[in-house]
Amino acid sequence: MTTQELVAQIKKKKSFLCIGLDVDLDKIPTHLLDEEDPIFAFNKAIIDATHQLCVAYKPNIAFYEAYGLKGWKSLEKTIIYLNKNYPEIFTIADAKRGDIGNTSTMYAKAFFEDLKFDAVTIAPYMGKDSVEPFLAFKNKHTIMLALTSNKGAFDFQTKKIDDKELYKHVLETSKSWQNSENLMYVVGATKAEYFKEIRTIVPNSFLLVPGVGAQGGSLQDVCKYGLSKNIGLLINSSRGIIYASKEKDFAEKAALKAVELQKQMEAYL
């Protein structure tokens with residue numbers, strides 16, 4: 001999917017909502033545990049109930065790897081279902097990969113060629129040659145961790161080097177990499193006060209923003225400082241939507257939560 005196609009979907013649906021499919025078998029409705037594939041059954045119901053309200057889905061790969069081969073199969077079935085039935089949806093593999101060049105190439109092939117995701121999250125700590133292999137894939141997007149919403153973000157990301165925070169060095173350096181136009185960035189919603197400065201460095205890039213809702217981030221603050229001329233935001237909500245209910249109406253309740261966010265987003269478009 002191209003950036004232009006993503007923007008078109010945002011305008012059509014009046015939404016820049018991304019729903020995280022972080023499936024924990026201890027949290028899903030118990031009646032689904034009788035299904036042959038409880039993870040896929042849960043995802044399918046959530047997707048069918050919410051696809052008109054969001055523009056992206058983001059499975060966190062750890063929640064599938066934790067269940068071994070069965071979990072990976074559930075992930076594969078989920079992405080096949082999305083690509084076949086809702087091809088307009090932007091799909092993100094939240095994998096946070098990043099390694100030496102030839103290894104990164106294999107990670108990229110796994111998510112872009114085999115599973116056919118539109119985007120993958122990566123960690124930039126190892127630098128240029130660990131990121132550029134992801135950027136080499138046409139019409140695919142690499143979403144690089146920039147400033148995250150966890151407490152440990154302050155251990156390194158905001159430390160100053162030459163009187164400038166490390167995350168700013170990361171953002172500025174990444175712009176010089178080959179095919180950097182395919183870069184997006186993860187910026188946590190709980191760091192809303194930083195968005196203004198981030199936009200001075202990457203004014204037009206898409207930002208994937210976790211942390212709205214359950215983690216305490218404010219949609220209003222993120223939009224105030226983070227919106228760009230092409231919207232430039234994907235606001236992710238996971239637990240706040242998918243675990244709205246543990247009863248048989250879980251998908252309907254998830255849709256109601258998604259509607260709440262979509263209506264708030266519509267006001268900014």
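**Helix packing and buried faces**

Glu-5 is partly exposed, at 43% relative accessible area (buried means under 20%, exposed over 50%, partly exposed in between, with a 1.4 Å probe and protein chains only). This is a predicted model, in which local features need pLDDT of at least 70 and side-chain atom pairs count only at pLDDT 80 or more, while totals for chains, interfaces and linings use all residues. Residues are numbered from 1 along each chain as its sequence is written, and side-chain values use heavy atoms, with hydrogens and water left out.

Glu-5 belongs to helix α1, residues 3-13. (Helices are DSSP runs of H or I with at least four residues, strands are E runs of at least two, and both are numbered from the N terminus.) What lies 85 residues from Glu-5 in sequence? That residue is Phe-90, and the two C-alpha atoms are 9.2 Å apart in space.

Now turn to α2. Two packed helices are described by the angle between their axes and the distance between the axes. Helix α2 covers residues 38-50, and helix α4 covers residues 68-85. Their axes come within 9 Å and cross at roughly 25 degrees. (Axes are lines fitted to C-alpha atoms, for helices over the stretch in contact; angles run from 0 to 180 degrees between N-to-C directions.) The pair α2 and α4 is therefore roughly parallel (under 35 degrees; over 145 is roughly antiparallel, 65 to 115 roughly perpendicular, and the rest oblique). The crossing of α2 past α4 is right-handed (the near helix is turned clockwise from the far one by less than a right angle; anticlockwise is left-handed).

Which residues make this contact? From α2 come Ile-39, Phe-40, Asn-43, Lys-44, Ile-47 and Asp-48. They meet Ser-74, Lys-77, Thr-78, Tyr-81 and Leu-82 of α4 (contact means heavy atoms within 4.5 Å). By class, the contact of α2 with α4 has 5 nonpolar, 3 polar and 3 charged residues. (Ala, Val, Leu, Ile, Met, Phe, Trp, Tyr, Cys and Pro count as nonpolar, Asp, Glu, Lys and Arg as charged, and the others, Gly among them, as polar.)

Look at Asn-43, which sits in α2. Is Asn-43 buried or exposed? Asn-43 is buried, because its relative accessible area is 0%. Leaving aside residues up to four places away in sequence, Asn-43 touches Leu-21, Val-23, Tyr-64 and Thr-78.

Helix α2 also packs on α12. The axes of α2 and α12 come within 8 Å and cross at roughly 45 degrees. The two helices are therefore oblique to each other. Their crossing is right-handed. Phe-42, Ala-45, Ile-46, Ala-49 and Thr-50 contribute from α2. Phe-250, Ala-251, Ala-254, Ala-255 and Ala-258 contribute from α12. The contact of α2 with α12 divides into 9 nonpolar residues, 1 polar and no charged.

Next come α5 and α6. Helix α5 spans residues 101-114 and packs on α6 at an angle of about 30 degrees, with the axes 8 Å apart. That makes α5 roughly parallel to α6. The α5 and α6 crossing is right-handed. Gly-101, Ser-104, Thr-105, Tyr-107, Ala-108 and Phe-112 of α5 meet Asp-129, Ser-130, Pro-133 and Phe-134 of α6. By class, the contact of α5 with α6 has 5 nonpolar, 4 polar and 1 charged residues.

Leu-135 lies in α6, residues 128-135. Leu-135 counts as buried, because its relative accessibility is 0%. Beyond residues up to four places away in sequence, Leu-135 touches Thr-142, Trp-177, Gln-178, Asn-179, Ser-180, Asn-182 and Leu-183. Phe-250 is 115 residues from Leu-135 along the chain, and 37 Å separates their C-alpha atoms.

Two further helices show buried faces. In α8, residues 166-174, Tyr-167, Lys-168, Leu-171 and Ser-174 are buried. Seen down the axis of α8, these fall within an arc of 135 degrees, so they line one face (the arc is that of the directions from the helix axis to the C-beta atoms). They pack against β5 (141-147), β7 (164-165), β8 (183-187) and α9 (195-201).

In α10, residues 219-226, the buried residues are Leu-219, Val-222, Cys-223 and Gly-226. They fall within an arc of 95 degrees down the axis of α10, so they line one face of the helix. Gln-220 and Lys-224 are exposed on the other side of α10. What covers the buried residues of α10? The cover includes α9, β9 (207-209), β10 (233-237) and α12 (250-266).
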